Each structure stands twice: as C-alpha cells, then as structure tokens.
Amino acid sequence: MASTAFEEIVEDFEFLDNWEDRYATVIDMGKALPELEDALKVPATKVEGCASQVWLHPEIEGQTFHFRGDSDAMIVKGLIAVLAALYNGVDLSDVVQIDAPAQLARLGLNEHLSAQRSNGVRAMVERIRQHAADAI
C-alpha cells in the first residue's frame, strides 16, 4: 500500500550496506526538502512529542492526502521527507490503513533510531493519520 516514491526509497536502501550510509541518505533527503514558510510554523502545525521542533501542514486535494513539513533538526527533516514519500499522494481513506512502523522497518530505521526519535516519528505518524481522518 506504500506509494511509488516510498518504494523507490526502499529500493535505494537495499543497495546501502550499512546504517551510516542510510543515515546520510535520510539527512540528504531532509536537505532536499523545501522549508516550510514561517507563516505555517504555528502552534496548530507543531507536533508535540518530538525532541526537535517539528511542523506538519496538511494539504488535502479532493480525496488525496499531501502534507509539507519542516524541522530544526536535519535527521528529523529527513524523516519528514521519508514520511512524505510514504503518505503524499495517497487516498485519504488509505492513509489511516498504512502500517507506518512496518513500512519504516523495511528501511531498517526502527532499530537505529533513538527512543526519543522513535517517539517523534510516532507522534508525526499520529498527526498525519489524524489530519487524514479529520478530512474524511
């Protein structure tokens, strides 16, 4: 059920031999992610439960889910890019069905993120799922 963009990340990660290379790839993805405008970095878009500052802004088009996000931490910004690849372009009703932990495990992220980062990813996923559920 993952998007084509996410499947491409999975394929890319299969060629990376170690976690350091994967970590660097996630950071590079974060660097490529456009910054969220300051006007959208407001309490309503801020994700609580993250060690870093994180903002997610949903953009629903018809029944298709999209979001943009930003963070003050590069690795977290990269994780936002990974989540965008997983969720952007997906039908609203499918967003809540995606098993994000299982999908992220395909990238080997689960065992390499600190407990704080893992909690932050869970908080981001819950925010994404809530935005989609609210829009249905």
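A cavity here is a set of points, on a 1 Å grid over the protein atoms alone, where a 1.4 Å probe fits but cannot get out, and its lining residues have an atom within 4 Å of a point. The model is predicted, so local features need pLDDT of at least 70 and side-chain atom pairs count only at pLDDT 80 or more, while totals for chains, interfaces and linings use all residues. Residues are numbered from 1 along each chain as its sequence is written, and side-chain values use heavy atoms, with hydrogens and water left out.

**View 1. Lining of the largest cavity.** Cys50, Ala51, Ser52, Val76, Leu79, Gln116, Arg117, Gly120, Val121 and Met124 form the lining. Two or more of these residues come from each of α3 (74-87) and α6 (115-135) (helices are DSSP runs of H or I, at least four residues; strands are runs of E, at least two; both numbered from the N terminus). The largest share, five residues, belongs to α6.

**View 2. Volume of the largest cavity.** The volume is about 70 Å³, taken as the space filled by probe spheres set on grid points joined across faces, edges and corners. A search of the whole structure finds one cavity of 30 Å³ or more.

**View 3. Largest nonpolar core.** A nonpolar core is a set of buried (under 20% relative accessible area, 1.4 Å probe, protein chains only) Ala, Val, Leu, Ile, Met, Phe, Trp, Tyr and Cys residues joined through side-chain atoms within 4.5 Å. Among its 42 residues, Phe67, Leu83, Tyr87, Leu107, Leu109 and Met124 touch the most other members. The largest share of this core, eleven residues, is from α3.

Key
On a 1 Å grid over the protein atoms alone, a cavity is a set of points where a 1.4 Å probe fits but cannot get out, and a pocket is an open set with protein on both sides within 12 Å along at least five of seven lines; lining residues have an atom within 4 Å of a point. Buried means under 20% relative accessible area, exposed over 50%, partly exposed in between (1.4 Å probe, protein chains only).
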